[in-house]
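Have a look at the structure first.

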Amino acid sequence: MSLTAHIPSHRKPRRSASKLAVRAGVAGGVLSTLAMAGTASATPSAEPVHETTLEMPVLDLDLAAEVSSSVTKAAENTRAAAVDGELNALEETARTGAAAEAKQLKADAQQKADAEAEAKAKAEADRKAEAERASRSTERTSIQSNSGSSSSSAPKGNSSAGSSQGKGTVTAPATGSAAAIVNFARAQVGKAYVMGGTGPSSFDCSGLVQAAYRQAGISLPRMSQAQSSAGTSVSLSALQPGDILYWGSKGSAYHVAVYVGGGKFVGAQNPSTGIVERSLSYDRPTGAVRVL
């Protein structure tokens, strides 16, 4: 290589003066703009700003106590509502039970009143019958004393005066169904009279008649009123064994018994006498009906 040959330089080429001047101007303009903006922001406002402090009211509340009180009150209200509901249910149950008890007591009282009325009617009938028997006994004594001398002069062959047991008396023995009724009724003599009794150890008047007729396969009503309307009415002068005797009006009789023949009847009279066999003259019945 020649000593005078051109050797390339490794340094960067220098910028031209014109380019440097342009860049310097741009940088200066930017800095000037920034300086002006800073100055404008630092300039105080024409009107001063006055700061106002608002004082808020201070609430002196115990929130925990208020919440606890509300919860307690709500719980008490709930308990009160539950108690009211339970009390209402208990009151309704009590009213229902009281109504049922009152109804039962009323029915029992009515039944007791009916039994007492029937017993009173029977007692009155017994009293009247006893007075009538006493009157008839006095009357018979007077008649016997007046006719004692004439009876000795009657013909011995005349049986019509001494063998008769009373007007309408039937002496023929019972047979068939009538015998079953009569035999059963007589077998109960001596047993107790109990109101409402239907056997086997005690009876009332209609219970005895009903049980006696059951032996013949005949079903009678339970009460004396209905029994006095059963069958066909017959005269007391034409009675037959097994006929039903009644005291009082037909259809509303207060006492019944069974005619057993021979001028006698078997009946459950009252608690003091029980079931007895008596003659018709002991307590004259009002009427009779025949069911057989």
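## A bridge across the chain

Glu-277 comes out as partly exposed, at 26% relative accessibility. Keep in mind that we're looking at a predicted model here. The side chain of Glu-277 pairs up with that of Arg-186 in a salt bridge, 3.2 Å from N to O. The two sit 91 residues apart, with Arg-186 in helix 3 (residues 176-187) and Glu-277 in strand 7 (residues 274-279). Arg-186 is partly exposed too, with a relative accessible area of 38%.

The whole structure holds four salt bridges. One of them joins the side chains of Asp-204 and Arg-222 at 3.0 Å, N to O. Asp-204 belongs to the loop between strand 2 (202-203) and helix 4, while Arg-222 is in the loop between helix 4 and helix 5 (224-227). Asp-204 is buried at 5% relative accessibility, whereas Arg-222 is partly exposed at 25%.

Asp-243 and Arg-290 also meet through their side chains, at 2.9 Å, N to O. Asp-243 lies in the loop between strand 3 (232-234) and strand 4, and Arg-290 in strand 8 (residues 287-290), so this pair ties together parts 47 residues apart in sequence.

## A tucked-in helix

Helix 4 (residues 205-214) is largely enclosed by the rest of the structure, because nine of its ten residues are buried. Among them are Cys-205, Leu-208, Val-209 and Tyr-213.

The chain averages a pLDDT of 75, and 61% of the residues score at least 70. Over residues 139-171 the pLDDT is below 50.

Note on methods
Residues are numbered from 1 along each chain as its sequence is written. This is a predicted model: local features need pLDDT of at least 70, side-chain atom pairs count only at pLDDT 80 or more; totals for chains, interfaces and linings use all residues. Side-chain values use heavy atoms; hydrogens and water are left out. Buried means under 20% relative accessible area, exposed over 50%, partly exposed in between (1.4 Å probe, protein chains only). Helices (H or I, at least four residues) and strands (E, at least two) are DSSP runs, numbered from the N terminus. pLDDT is the predictor's confidence in each residue, from 0 to 100. Contact means heavy atoms within 4.5 Å.
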